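Hi,

Here is the structure I promised to pass on. Have a look, and my notes follow below.

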Amino acid sequence: MSHDVLSTPVVDTGKTTDRTQSRARAARRRKAVVMAGRALLLVAVLGLWEWFSRAKIIDPFNFSMPSKIWDQIYTWVTHGTALGSLGEQVWYTLYEALLGWVIGVVAGVVLGIALGRVAFLADVLGPYIKVLNSIPRIVLAPIFVIWFGLGPASKVASAVVLVFFPVFFNAFQGAREVDRNLVANARILGASDRRVTLQVVIPSATSWIFTSLHVSFGFALIGAIVGEYIGATKGIGLLVAQSQGTFNSAGVYAAMVILAVVALVAEGLLTFAERRIFRWKPADSDD
Amino acid sequence: MSADTSPAIELRGASKIFRTPSGGLHTAVRGLDLTIGRGEFVAVVGPTGCGKSTTLTLVSGLEEPTEGDVLVAGEPVTGVGEKVGFVFQQDATFPWRTVLSNVMAGPRFRGVPKAEARQKAREWLARVGLAAFEDRYPHQLSGGQRKRVALAATFVNDPEILLMDEPFSALDVQTRALMSDELLELWEGTGASVVFVTHDLEESIALADKVVVMTAGPATVKQVFDIDLPRPRKVESVRLEPRFIEIYREIWESLGEEVRITRERGAAHVA
């Protein structure tokens, strides 16, 4: 009897460590399988595309093929594009998108917080903002080219109008949904209205605002690209337009690939900044 | 009337009517008369949702009475006063500030220089036993610890009037008793007048000099009971004394009726 009692826990602990280990192993294996699956999918899609194109199952003139796209990118990187070096085009587009993004974000946050805090402003401006938001804003891009010319200003403007609204609505909502207890507490502790806005409303609206920043950088790129596509002297959008004009489908795809890389890098930087700013938040379970 | 001899808080025929989202009117408090002396610890008990919390927001200046007068130290209340501290039922610590920064918030809002605010905040953190936690964020603390931060953040402003809205109701029973004792210790050094709203009769008797029983909503004062238990008290032991049980029975006779009325009304709403 006593032997049983003594031996049971020993066996138990042995089992638990065994289990923990096997669980950890299973988790590692799953991760590896997911990565392999991703790689396989990519290779399969690119491979099929290449094969179909070479076998003329799909028209290689219209659909191009991965190897040609790669060659195109390689040529652009090593010999530059017809418009100048590739870096210059990327920088031009990025500069327009970034500038438009910053202006749109600042305007959106300031107006969103102001309207969220001052009910009078919200009541007066509310319907007009709804009307403006319901306009398909991308059609403004040609108008901006007419207004501001072929330079960067017209692209910045189209990026601004695309970025402003999602940021504005998120900041507005964030300011509206501040915990009433926190505001009451700040007022009791002696905070003026200005301090409540700066030290309670804005910090608690930041998570709302950051959600919109991720989406809106994509919008800023779209704004810049569409603007360039319609009329520009430099930029990736122009590269797309020119490739299309010379029936160079590989060029269009290559420009898209470059854009995707730019967008992903920007997204990564934003996530990094977010992690630093939100140190006060409980960590996500997946970290 | 001299400001020095006037009572700490005076409500004269105060009423508060809210407009409900559906457009109707809801009377939370009606014709409330209540006087709280300086340095007095008054507990307000009443059935749930009867308007006890509204009374506190009127005294704090967060809300204005629809009718009647609210006076603090003989002066009518206009906006949030300097002398008032408020401990809320829910967590009201700022989640993006560290513990130390949370406690510094009050003095900083009131224009105290940073170094002085930090020093005062550290003193109060030590008093509530959180000196080692000053760099943590609220989400890294337990519910009881967060409540201690809230107490420190309130006491650091040296309030003459301390309003507490069911501050310990979200805590577990053991933590609650511990926090009640700590509150009594902190308060005894300050001489502040306290209005402590609760629906827990035991808690109110253990803490207070006076227990005010409110009617079922709209709230008005039904009866006031003096608690003659000697201080200093320990919450866990005082409630075993025969006098405590006697007082409890006496007050419950008055309060129980209001609780029953509220419950019947609730049942009528459901039906």
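How far apart do the C-alpha centres of domain 1 of chain A and domain 2 of chain A lie? They lie 33 Å apart, with domain 1 covering 13-63 and domain 2 covering 67-277 (the bounds come from an automatic or database domain assignment).

Before the rest, some housekeeping. This is a predicted model, where local features need pLDDT of at least 70, side-chain atom pairs count only at pLDDT 80 or more, and totals for chains, interfaces and linings use all residues. Residues are numbered from 1 along each chain as its sequence is written, while chains are lettered from A and ligands numbered from 1 in the order in which they are written.

Now to chain B. Six of the six residues of strand β8 (residues 193-198) are buried, so β8(B) is largely enclosed by the rest of the structure. Buried here needs 20 or more other C-beta atoms within 10 Å of the residue's own, with C-beta atoms placed from the backbone; strands are DSSP runs of E, at least two residues, and helices are runs of H or I, at least four, numbered from the N terminus. S193(B), V195(B) and V197(B) point one way, and V194(B), F196(B) and T198(B) the other. In a regular strand the side chains alternate between the two faces of the sheet.

β8(B) runs parallel to β3(B) (residues 41-45), joined by five bridges (strands pair if DSSP finds at least two bridges between them). F41(B) has V194(B) as its bridge partner. Five bridges also join β7(B) (residues 161-165) to β8(B), again parallel, and there L163(B) partners V195(B).

Cheers

Notes. A residue is buried if 20 or more other C-beta atoms lie within 10 Å of its own, exposed if 12 or fewer, and partly exposed in between; C-beta atoms are placed from the backbone.
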